[in-house]
Amino acid sequence: MCHGHESHHMLDIHDSAAVPAALLRQESDLPTVEIGPGVAIQLLQVDFDHNIRVTRAKLAPGVKLRTHKHTGHVFAWTLAGTWRYLEYPESSQANSYLYEPAGSTHTLAVPEDSTEPADVIFIVHGSNIELGPSGQIEGATSAMDIARAYLRACKEKGVARPNVMGLPADWEG
């Protein structure tokens, strides 16, 4: 049963002073840098405690990533271009949304005849486990690995350290 004083108490614990402010980054605040041939990313946010990364990836026509398995789920929103998983017939195109459950295995590819890069926002929970031709584990990529590659690429490009959401100011990778 709800009484007036309990309701008032509920409001007190949600006082605006206790609620953190929303964070905003403009596109120009975070550079897009190439971290591999035909693969450029803009690292929007990381959460090392939960191994989560949010990236905007620009994948050039003809790019094919290593086959990998996800340890957590992935959300993907395609802004432009087209890409697909070689294991499935469907393609992700501009304004499409894709959900990948944990444990899914696939090989991301952008068609060679694509007229533009695939521009995709990925929210990745967990790591990618990279697999060899016969399914053997050849490596893993975590949020920390992506942050390390991003900061290294920024430094090589002569770009000041970006203010990525969730990236500790003193973290050097």
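I first looked up a sheet: it is open, has 3 strands in the order β7-β6-β10, and pairs in the antiparallel sense. Strands are DSSP runs (E, at least two residues), numbered from the N terminus, and two strands pair if DSSP finds at least two bridges between them. The edge strands, each pairing on one side only, are β7 and β10 (108-109).

I noted that this is a predicted model, in which local features need pLDDT of at least 70 and side-chain atom pairs pLDDT 80 or more, while totals for chains, interfaces and linings use all residues. Residues are numbered from 1 along each chain as its sequence is written, and side-chain values use heavy atoms, without hydrogens or water.

I then examined the pairing of β6 (residues 82-85) with β7, which is antiparallel over 3 bridges. Arginine 84 has serine 91 of β7 as its bridge partner.

I turned to serine 92, which lies in β7 (residues 91-93). Serine 92 is buried (under 20% relative accessible area; exposed is over 50%, partly exposed in between, with a 1.4 Å probe and protein chains only), because its value is 9%. Beyond neighbours within four places in sequence, serine 92 is in contact (heavy atoms within 4.5 Å) with Thr78, Gly81, Thr82, Trp83 and Leu98.

Finally, I searched for aromatic pairs (ring centres of Phe, Tyr and Trp, the last by its six-membered ring, within 6.5 Å; planes under 30 degrees apart are stacked, over 60 edge-to-face, the rest tilted), and the whole structure has 5. Tryptophan 83 and tyrosine 85 are edge-to-face because their planes stand at 80°, with centres 5.1 Å apart. I recorded one cluster of Trp83, Tyr85, Tyr88 and Phe122.

Note on methods
Helix = DSSP H or I, 4+ residues; strand = E, 2+ residues; numbered from the N terminus.
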